[in-house]
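Hi,

Here is the structure I promised to pass on. Have a look at it first, and my notes on its salt bridges follow below.

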Amino acid sequence: MNTFQEFLETVEESEKRERLVSIFSYIRKEFPELQEEVKWKQPMFTDHGTFIIGFSVSKGHISVGPERACLQKFQDDIKKVKYPLLKELFQISWKEPVDFELLHKMIAYNIEDKKEHPGFWR
């Protein structure tokens with residue numbers, strides 16, 4: 001699996017696939033400079049070769065991983081929208097609305113915070 005399209009083809013339920021498409025489309029529109037990559041069977045967006053945000057899916061939710069430093073910065077915002085917050089990611093239930101404003105803030109933060117970062121991870 002090398003492309004977002006190939007990843008999406010592995011998501012069997014159309015509602016879940018459409019939900020992911022809406023998230024990916026939003027990010028493409030708002031951050032056209034980001035590159036799409038699939039690593040470890042997970043779609044992710046990168047900038048100048050450094051990780052910005054990644055996603056994975058399970059039966060009950062979408063996992064969103066923007067790295068721990070970003071999660072710590074926005075933990076109050078994540079808790080405010082009642083997304084489960086774990087050590088390395090937060091989860092959006094398939095039934096919950098996506099807080100695109102929160103995603104936007106997190107992605108913008110990572111782009112700025114990592115603009116001169118030479119590696120993939122912090």
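Please keep in mind that this is a predicted model. Searching the whole structure turned up 10 salt bridges, and I will walk you through some of them.

Next, please turn to Arg-122. Its side chain meets that of Glu-67 in a salt bridge, with 2.9 Å from N to O. This pair links distant parts of the chain, 55 residues apart: Glu-67 lies in the loop between strand E4 (61-65) and helix H3 (68-73), while Arg-122 belongs to the segment after helix H5 (100-113). Glu-67 is buried, at 8% relative accessibility, but Arg-122 is partly exposed, with a relative accessible area of 36%.

Arg-122 also has a salt bridge with Asp-113, and here the N to O distance is 2.8 Å. Asp-113 is partly exposed, with a relative accessible area of 41%.

Which residues make up the network of salt bridges that includes Arg-122? Besides Arg-122, the linked residues are Glu-67, Asp-113 and Lys-114. If you view these four together, you will see the buried Glu-67 joined in one network with the partly exposed Asp-113.

Conventions: Residues numbered from 1 in each chain as written. Predicted model: local features only at pLDDT ≥ 70, side-chain atom pairs only at ≥ 80, totals over all residues. Heavy atoms only, no water. Salt bridge = Lys/Arg side-chain N within 4 Å of Asp/Glu carboxyl O. Helix = DSSP H or I, 4+ residues; strand = E, 2+ residues; numbered from the N terminus. Buried < 20%, exposed > 50% of the residue type's maximum accessible area, 1.4 Å probe, protein only.
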